[in-house]
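Dear colleague,

I am passing on the structure below, and after it I set out what turned up when I went through it. Please read the notes alongside the coordinates.

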Amino acid sequence: MTNETMEPWLREILRCPRCKGVLSDAAGPKSPELQCPQCRLGYPVEDGVPVLLVDLARPLGD
Ligand SMILES: [Zn+2]
């Protein structure tokens, strides 16, 4: 799954703010999101802008 709305250069530098791991593109319930498999968190992408805040991340694995 890809997120065509995000700038490639921006996508390249994105890392999980918690573990600094690589994020993968996914489709969240309301918006695209970037998921960290290590932390089991999904970070929302709002209007093409990733919100890399642990406080706003969605727990995965339900
Ligand atoms: Zn992480």
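In what follows, a residue is called buried under 20% relative accessible area, exposed over 50% and partly exposed in between, with a 1.4 Å probe and protein chains only. This is a predicted model, in which local features need pLDDT of at least 70 and side-chain atom pairs count only at pLDDT 80 or more, while totals for chains, interfaces and linings use all residues. Residues are numbered from 1 along each chain as its sequence is written, and side-chain values use heavy atoms, with hydrogens and water left out.

Cys16, in the loop between helix H1 (8-12) and strand E1 (24-27), and Cys36, in strand E2 (residues 32-36), are 20 residues apart and link distant parts of the chain; helices (H or I, at least four residues) and strands (E, at least two) are DSSP runs numbered from the N terminus. Both Cys16 and Cys36 are buried, and the relative accessible area is 0% for Cys16 and 12% for Cys39, which is also buried.

A search of the whole structure for disulfides, meaning pairs of cysteine sulfur atoms within 2.5 Å, finds zero.
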